[in-house]
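Biologist: Before I use any of the terms that come with a model like this, I would like to hear what each of them rests on. Could you take me through them one at a time?

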Amino acid sequence: MVSPKQDIRIGFYVCHCGHNIASMVDCPAVAEYVGQLPGVVLSRDYKYMCSDPGQELIQKDIAEFDLNRVVVASCSPLLHEHTFRNAVAAGGLNPFLFHMVNIREHDSWVHTDRQEATAKAKGLARAAIVRVAHAKSLPVKKVPIHPDVLVVGGGIAGIHAALTLANAGKKVFLVEREPSIGGHMARFDKTFPTLDCAACILTPKMSEVGAHPNITLWSYSDVVKMDGYVGNYTVTVRRQPRYINEELCTGCQECIGNCIYKEPKFPDEFNEGLGKRKPVYISFPQATPQVVLIDPEVCLNFRHGVLTDKCKKTCVEACGDRKAIDFTQKVETREIKVGTIIVATGFKPFDVKRIPQYGYGSYPNVYTALEVERLVNASGPTSGDVILRDGRHPQAIAIIHCVGSRDKKTNRWCSRVCCMYSMKLAHLLKEHTGAEIYNFYIDIRAPGKGYEEFYDKLNEEGVHFIRGRVGEVTDWAMTPEEEGKLVIRVEDTLAGFVRRIPVDMVVLATGLEPQADSQDVRRLFNMSCGTEGFFLERHPKLAPVNTFTDGIFIAGCCQGPRDIPDTVAQAGAAAAEAMVLIDKGYIEQEPNTAYIQPDCSGCKSCIPLCPYTAIAFDATTQKAVINEALCKGCGTCVAACPSGSIGQNLFEDDEIFSEIDGLLTN
Amino acid sequence: MSELTSLPKADWTPRIVAFFCNWCTYTAADLAGVSRLKYAPNVRVIRLMCSGRVDPQFVLDALRRGADGVLIGGCHPGDCHYVEGNYKMLRRFQLLHRMLRDMGVAEQRVRLEWISAAEGERVKFVINEMTAQIKALGPLNLPQKFENWDREVIELARHVRQQEEISGVTMPTPAEKEAVHV
Amino acid sequence: MKYSYFPGCSLKGLGRAYEESLLPVMKHLGVELQELDDWNCCGATAYMAVDEAKACVLAARNLALAERSGNPQIMAPCAACYLVLNKTKHYFHDYPAMKATIDRALAAVGLTYAGDTPVRHPLDILLNDVGIEAIKQKVVRPLQGLKVASYYGCQIVRPYATFDDQNNPTSMDRLLEALGATVVRYPLKTKCCGGSLTGTVPEAGIRMVYILLNEARKRGADCLATVCPLCQFNLDAYHAQVRAEYGDVIVPTVYFTQLMGLAFGLPAKQLGLHRAAVPFRWRPAPPEAPQVAAVAAALGSI
């Protein structure tokens, strides 16, 4: 073992973390063992090192025992390294003369033998003691934060985050892929459990976004590239052509009335294809921005998206002097600079065709929940009249819960909102049709303010709840009453027998899934995904809107299924986190950059390795130089340098070699 | 070349040094902890920012100091926090593997794994599998081997000198100190 | 393409028509079959419930014989055989105790089983090895106008969905469409045929038979096509009992291989069609006379 220099004075602390560590690791034994290692002048065990008294202990000891290195063995450095560095700094030492040992996540929580776990803790601590002797004082690296923010996704999460920031005086770019903001919420009829109309509470927020001087709204656009680092992101946004000049369009919609197509003919995306629209259209009456768009796939002035200019262009005539229609528009890209980014890209409803036994696509009267939202909506395709695809009014309706949720064959997670929205739809359908409503559920999950009460209310309204996962929806009849009906075959697990229930309409309560392109978006913004494909938060409890990349935050269903109140709360939190950075003006970064040492031979091997082009060749000195501002500290060049002439702060070769040594010395 | 291993002592258990990247595999190991997954206590993790920082010398040094195995963990291809550090590691790893094979170190002893931040289960699986495999292989005991090899080389040099004395022809020999491992 | 052919007891007995149609059809498509030498009972699904270990050992002997034969891919046309062989293979891999039992039993008769034998159903082989296109090319008498309800039964897709969807299998549908037939929508395609209930609890079994026949009739099917000897037997042999209980529902049930044989122009008499209780007759519509078409075309061009 390398013997430490004479002047190294290490203080060592092992944390019990209540019982979390102490129940599996003999902390006093670890402290005693480390206490006799060379260079260690002080070794303590303590119940909670991260507590105020724990941190004060470090500060006091630094002064009293003239410590110049500190090692804490506790939880993961990803959780508390920051805390202890601050404590060390408060004690008057450079914060980087500190090393942390992970004996909780990597030891006490994952092992079952106290002796082995204690031995492992000793080994890890020993390695840190040997390593910390090589630690150097380093300056704190500060990065300025550009005050502008990009919000990706214009659903309720993106809208709320953008407004919060804009109202605080920050400049916000809001990018939305669809022609209008509003997301899924704009398509809902009512919201549970209060039954207030979704449009009534969303529309004012949407218009506020459209009119806000601090918000630049780019709908029908998506982010294609992101470069840079926290505080200094350069983002490329692609704007799809609407064939309408947004500045000139007044939203009068006369073009729509005068389109060469007299009647709407094409499936209307906003109404889930239940209604029809023209080639020139506006997604829905409250669409923001209030700007129409032209679908080149079906417009007669195009053929398969290519401009032919063969239509009479009655729309252009109708637009007249406003001259807002521009058939020559092309895809545009814009580059913006922002300091922080909030990703709120939402979810995708489960594809019900993956469960063929529920008959969606084979039986016309099987609907998805989102289709029913439109069907019961007063501004929907049927003006709120529940008419089935075969023209009938339903007398009995089945709502099947957990379609694509809590199922090992599709998605294992609970989608959290389906129980509540199913009950909301049950209420609305009963109100609209007077039909008998049957809910088929596994468990009713109503954990929210007023949610359980809503369930009680539904029971009182006479809505039926049958506990059992539906086996199939079919149309084979066993009795004359079943002829021409859809039959639900289900095991009623409370009654204990298999039932057949004939209905006219089936509603599938589809679960929530990550967006189809969530993996691409994740890569774009350098985030991680959980196994199910939702974006991964930095910490499930303590950093729920942060990601592993500084300055990038997440909000809403892109992080996991949640309802509107939770989404709005999370969006506010993400906006606040962004403002913390903006108002502070800078962020302290790990000073883990690489640097060139004088013995560089100028072989240039390192230059092509750097993905950030931080390394250049200086012709006068014939040596490589590293631009510290561009270096992100991965250390790839350090490992590759054939002459060992590149160092990396915090991860020096001698630090790592001594850690290896410490791990393997008995 | 097959491994020549001495019989393990009764109380021997493998010692494995791991180099985990900060963003994916280290976080996955934290997740395994938070999820209270249980795995073999034989792995000691060294945290690096990126698997691209893993200098092959780290691996060799760990083996030379008595590790029975080395595990390197990085982000999945395409997911590197630093764009492509994991690819750099992969290239180095292939060269390193060839070299280790020539040294007679079994393939299972040095392993490169892509484990994302969400794959706590994978950390458990890999560590358990690797520990079991190395247990079956027995101790590597590279320091002892180095001594044996050094002795062989010195013996060989002595033999060559004897031959020279008999034949009268002098062969250029490497300095003896070069044969000794530092 | 060469496979070990495991007929099982049915195809040599009650389900003889299946073998009689399967073998010429496969030969016609150039699929080589080598009947497994010295095969024994598959283990049988019913016996599984009585003594799982013995059933698996019986099945494993057949798998071991296939491995030894040099044609390790084993084709099991009977749905029950297919399931038991498949299940044994899964158990062999999933449960160490079962593997030990099987190893011990096979060792006693000097056999070994490595666990790699692919267990294949003829439908699987036809769709994935032979291919729809190759089958289409052999069709000389397309089954135009014939409406078929394709009925898979419970065993070939459950619990192991090896080659088709568990809840909505479509392989036979695609095959029959390639022969020129019209496949009617038949949501009962994987429902129970009554199984052995037709013998043990007739009221339940006959009811199931009735539902299957009645729904096929309601959907306009000329016949049911099946892949399983027991399904064929149940749906074919109990028409009298169904009539007594529920009234007349007459729908013939044929093996899909019989329909293939007809479409390939093989002589109907050699396809075992005469063995069914409810006769299936199929006369293709007379082809449009080529002269008529030529005249029509000529008139059109004037």
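Biologist: Which elements do the buried residues of α1(B) pack against?

Modeller: This is a predicted model, and in it the buried residues of α1(B) pack against α3 (77-90) and α4 (104-108) of chain A, together with β1 (16-21), β2 (43-48), β3 (69-74) and α4 (120-137) of chain B.

Biologist: What makes helix α1 (residues 25-34) of chain B mostly covered?

Modeller: A residue is called buried if 20 or more other C-beta atoms lie within 10 Å of its own, and 9 of the 10 residues of α1(B) are buried. Among them are B:Tyr26, B:Ala28, B:Asp30 and B:Leu31. Just after this helix, B:Arg36 takes a positive phi of about 55°.

Biologist: How do you know which chains touch, and which pair has the most contacts?

Modeller: Two residues are in contact if their C-beta atoms, placed from the backbone, lie within 7 Å. There are 2 pairs of chains that touch, and the most contacts are between chains A and B, where 43 residues of chain A are in contact with 41 residues of chain B. On the side of chain A that touches chain B, α16(A) gives the most, with 7 residues, and by class that side has 21 nonpolar, 13 polar and 9 charged residues. Between chains A and C, 7 residues of chain A are in contact with 8 residues of chain C, and here the side of chain A has 3 nonpolar, 3 polar and 1 charged residues.

Biologist: Why is no contact counted between chain B and chain C?

Modeller: No contact joins chain B and chain C, and their closest C-alpha atoms lie 18 Å apart. The test itself is made on C-beta atoms, which would have to lie within 7 Å.

Biologist: Why are α11(C) and α13(C) called roughly perpendicular?

Modeller: The axes of helix α11 (residues 202-218) and helix α13 (residues 239-246) of chain C come within 10 Å and cross at roughly 90°. Angles from 65 to 115 degrees count as roughly perpendicular, and α11(C) and α13(C) are therefore given that description. The contact is made by C:Pro202, C:Ile206, C:Val209, C:Tyr210 and C:Leu213 of α11(C) and by C:Gln241, C:Val242, C:Glu245 and C:Tyr246 of α13(C). These residues divide into 7 nonpolar, 1 polar and 1 charged.

Biologist: What makes a set of residues a nonpolar core, and which residues have the most contacts inside the largest one?

Modeller: The members must be buried residues of the nonpolar kinds, joined through C-beta atoms within 7 Å. The largest such core has 258 residues, and A:Ile342 and A:Leu508 have the most contacts inside it. Not counting residues up to four places away in sequence, A:Leu508 touches A:Val352, A:Tyr358, A:Tyr360, A:Val366, A:Tyr367, A:Thr368, A:Ala369, A:Ile400 and A:Val403. A second, separate core of 97 residues includes C:Phe6, C:Tyr91, C:Phe92 and C:Leu126. In soluble globular proteins, nonpolar side chains tend to be buried together.

Biologist: How many of the contacts in chain A join residues at least 24 apart in sequence?

Modeller: Among contacts in chain A between residues at least 6 apart, 71% join residues at least 24 apart. Chain A has 16 helices and 36 strands, and buried residues make up 50% of its 666 residues.

Conventions. Residues are numbered from 1 along each chain as its sequence is written. Chains are lettered from A and ligands numbered from 1 in the order in which they are written. This is a predicted model: local features need pLDDT of at least 70, side-chain atom pairs count only at pLDDT 80 or more; totals for chains, interfaces and linings use all residues. Axes are lines fitted to C-alpha atoms, for helices over the stretch in contact, and angles run from 0 to 180 degrees between N-to-C directions. Helices (H or I, at least four residues) and strands (E, at least two) are DSSP runs, numbered from the N terminus. Angles under 35 degrees count as roughly parallel, over 145 as roughly antiparallel, 65 to 115 as roughly perpendicular and the rest as oblique. Ala, Val, Leu, Ile, Met, Phe, Trp, Tyr, Cys and Pro count as nonpolar, Asp, Glu, Lys and Arg as charged, and the others, Gly among them, as polar. A residue is buried if 20 or more other C-beta atoms lie within 10 Å of its own, exposed if 12 or fewer, and partly exposed in between; C-beta atoms are placed from the backbone.
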